[in-house]
Amino acid sequence: TYRVIGLMSGTSLDGLDLAGCTFCYNGAGWSYSIEEVKTIPYSSHWLVRLADKYILTSNAIEQLDLDYGKYLGQAVLEFIRETGFDPDLISSHGHTILHQPENSITFQAGSGKEIQRISGKTVVANFRTLDVLLGGQGAPLVPIGDAYLFSEFDACLNLGGFANISYDNGKERKAFDICPVNIALNYWAKKLHLTFDEGGGIAASGAVNKTLLDSLNKLDYYMVSGPKSLGKEWLNTEFLPIIESLNPAPHDVLRTVCEHIGFQISNSLESNGICQHSILLTGGGTNNSFLVDCIREQSGAQVIIPDQITIDYKEALVFAFLGVLRIRNEINCLSSVTGASKDSSSGDIFVVE
């Protein structure tokens, strides 16, 4: 039995998710419970510091890593005090600063050493680097958790900053990033002075821009089979310029991007033979009912929406689980998913001295 606090910060900058989880292994399989949860919205200070990170100098990135690690450590201490959840382990995703696996580069801010120093607990962090050094994408990492904790579903689809899917093809686990979701939708909601388009109401009022939809669907990324992953760099250089060149009204952009997401998800399900199967839907985008309707209508899949805590904290739960596997020196990163030369037990361990 392991008591773990999982930390997750996604590309859409919705906030820092903390989940206090218990995992039990009975010799045949794993069970889990999510006991305490909390989301800390980012202050304007952190929204500025964590946005457009990849253009920072190396010295600024190092300082950000240190400062954000202190922030995470303090957040953990506060979580423990508030909830009384006393963990054996802290497992942190960090916040992605750079993700260029084609250049053998990936970096998630949030110094594990600082988290350990402040919290006084053993910490596992930096889960992606080893896989990238082994020639992999370093992403997605959640599929091992899907395989162990959510095996009753044919596929797991997460609607976070980017949509990613995980499924078993009968031989091995497969997974990849599909397309941008909240990171793109929130970008245009901000043009309307909103943090996000609640329930997709604004998108529902817009009209599909056929020219824009066709242009987005022709992006090279969608023509490549997995393993593959997306980052904010791709969004800024490939995705957003297409929309800005056509300059449609924001509500039409939101409508068109929802249609685009539905199409790309449907296409991914169909091309991988899972379009008529049971799909577990989680992540912040699941709260966008209009987007979910677009996915259902275009894919015909049996979309299953779980309880709100699972929707919002599944990724924090799985990163907590990745830390457990790392402490046990068991595989937590699958080469069948990332394209690495081999499976690995990934993550740096910072122990209490």
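Asn247 is exposed, with a relative accessible area of 64%. Here, exposed means over 50% relative accessible area, buried means under 20%, and partly exposed lies in between (1.4 Å probe, protein chains only). The model is predicted, and local features need pLDDT of at least 70, while side-chain atom pairs count only at pLDDT 80 or more and totals for chains, interfaces and linings use all residues. Residues are numbered from 1 along each chain as its sequence is written, and side-chain values use heavy atoms, with hydrogens and water left out.

Asn247 sits in the loop between helix 9 and helix 10. Helices (H or I, at least four residues) and strands (E, at least two) are DSSP runs, numbered from the N terminus. The phi of Asn247 is near 50 degrees, a positive value in a residue other than glycine. Asn126 also has a positive phi, of about 60 degrees, although Asn126 is not a glycine. Asn126 is placed in the loop between strand 7 and helix 4. With 24% relative accessibility, Asn126 counts as partly exposed. Most residues other than glycine have a negative phi, and most peptide bonds are trans.

Two peptide bonds are described here as cis. One joins Ala139 and Pro140, with omega about -15 degrees. Pro140 lies in the loop between helix 4 (129-133) and helix 5 (143-149). The other runs from Gly226 to Pro227, with omega near 0 degrees. Pro227 belongs to the loop between helix 8 and helix 9.

An open sheet is built from six strands in the order 3-2-1-4-7-13, and the pairing is mixed. Two strands pair if DSSP finds at least two bridges between them. Strand 3 (30-40) and strand 13 (348-350) are the edge strands, and each pairs on one side only. From one strand to the next, the twist averages 20 degrees. Strand 2 (residues 16-25) pairs with strand 3 in the antiparallel sense, over ten bridges. Within this pair, Cys24 stands opposite Ser31 in strand 3.

Helix 2 (residues 58-83) packs on the sheet. Helix 2 touches strand 1 (2-9), strand 2, strand 3 and strand 4 (89-92). Contact means heavy atoms within 4.5 Å. The direction of helix 2 makes about 65 degrees with that of strand 2. Axes are lines fitted to C-alpha atoms, for helices over the stretch in contact, and angles run from 0 to 180 degrees between N-to-C directions. Helix 12 (residues 308-327) packs on the sheet as well. Helix 12 touches strand 1, strand 2, strand 3, strand 4, strand 7 (122-125) and strand 13. The direction of helix 12 makes about 55 degrees with that of strand 2.

Strand 11 (residues 278-282) has five of its five residues buried, so strand 11 is largely enclosed by the rest of the structure. Ser278, Leu280 and Thr282 point one way from strand 11, while Ile279 and Leu281 point the other way. Strand 8 (residues 155-159) runs parallel to strand 11, and four bridges join them. Leu157 stands opposite Leu281 in strand 11. Strand 11 also pairs with strand 12 (residues 302-304), in the parallel sense and over three bridges. The bridge partner of Ser278 in strand 12 is Gln302.

In helix 8 (residues 210-217), the buried residues are Leu212, Leu213, Leu216 and Asn217. These residues cover an arc of only 125 degrees around the axis, which puts them on the same side of helix 8. The arc is that of the directions from the helix axis to the C-beta atoms. An α-helix has 3.6 residues a turn, so residues three or four places apart point the same way. The buried residues of helix 8 pack against helix 9 (232-246) and helix 10 (250-271). Asn209 caps the N-terminal end of helix 8, with a side-chain oxygen 3.2 Å from the backbone nitrogen of Thr211.

The disulfide count comes to zero. A disulfide is a pair of cysteine sulfur atoms within 2.5 Å. The sulfur of Cys258 is 5.3 Å from the closest cysteine sulfur, in Cys294, which is too far for a bond. Cys258 counts as buried, at 1% relative accessibility. For Cys333, the closest cysteine sulfur is in Cys156, 17 Å away and too far for a bond. Cys333 also counts as buried, at 2% relative accessibility.

Notes. A polar contact is a pair of N or O atoms within 3.5 Å; within protein, one must be able to donate a hydrogen and the other to accept it, and residues adjacent in sequence count only if both atoms are side-chain atoms.
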